[in-house]
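The following paragraphs lead through the fold of a protein chain, from its overall make-up to a few individual positions. Please keep the sequence and the structure in view while reading.

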Amino acid sequence: MFDTRELGRRPGALKRLSREVPAPGSLGVEVIRVPEGAPLELDLRLESVMEGVLVTGTVRFPLAGECVRCLEPLTREGTAEFQELFSYPDSEFSARFADTEDEEADEERLFLQNDLIDLEPVLRDAVVLALPLRPTCREDCPGLCPDCGARLAEDPEHQHDEPIDIRWAALREFAEAGASEEPAGSDKQAKAPRSRGDEPQEK
Ligand SMILES: [Zn+2]
Ligand SMILES: [Zn+2]
């Protein structure tokens, strides 16, 4: 909440101010957000205009989240700009607006409440729009190994012969499944080498 009384209602009056406010809760999305209570640094310019107060500002905010590729925690700084008109609820202009049937436009309008402006919804919109869509720990983060989940940034040479292994494993299972279809009582012998079956299985 910001008090605009000092500004006065004379159109053209101007006031600049800087302020730090704690971030409200749930500002952001799961993967990247402003921690609750973290400082939002505001630079504001309040300008008195005919129908209300025009607020132009910049907000700087810390972000915490995780890399979408490697899931490492990361922190960022973000900035967002915004501009919003807060109308005097009793101004002629507002009355004129209220008469129109355009309720949607009316709902989107913000009003001064007892000469105070409530910036939270404005800040919320500005910050959410400025969030990185796919935050990564670094531009070229190689992500995780699709086979074992190892972090490739730590082990770039990392590789597997796994595709081949998997195929062999499947073959082996197939052979073993075939073997266990023998009459009951042969279960214990199923894994033992067989004269015919062991050649492709063993190597
Ligand atoms: Zn990463
Ligand atoms: Zn791997």
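Of the 203 residues in the protein chain, 15% are buried, a residue being buried if 20 or more other C-beta atoms lie within 10 Å of its own, exposed if 12 or fewer, and partly exposed in between, with C-beta atoms placed from the backbone. This is a predicted model, in which local features need pLDDT of at least 70 and side-chain atom pairs count only at pLDDT 80 or more, while totals for chains, interfaces and linings use all residues. Residues are numbered from 1 along each chain as its sequence is written, and chains are lettered from A and ligands numbered from 1 in the order in which they are written.

The protein chain contains five helices and nine strands; these are DSSP runs (helices H or I, at least four residues; strands E, at least two), numbered from the N terminus. Their order from the N terminus is β-β-β-β-β-β-β-α-α-β-β-α-α-α.

Strand β5 (residues 39-49) pairs in the antiparallel sense with strand β2 (residues 14-22) over nine bridges, where pairing requires that DSSP finds at least two bridges between two strands. Within this pair, Leu 40 of β5 stands opposite Val 21. β5 also pairs in the antiparallel sense with strand β6 (residues 52-66), over nine bridges. A hairpin of two residues joins β5 to β6, and Val 49 has Gly 52 in β6 as its bridge partner.

Glu 30 is located in the loop between β3 (27-28) and β4 (32-34). Glu 30 counts as exposed because it has 7 C-beta neighbours inside 10 Å. Its C-alpha atom is separated by 9.0 Å from that of Glu 66, 36 residues apart along the chain.
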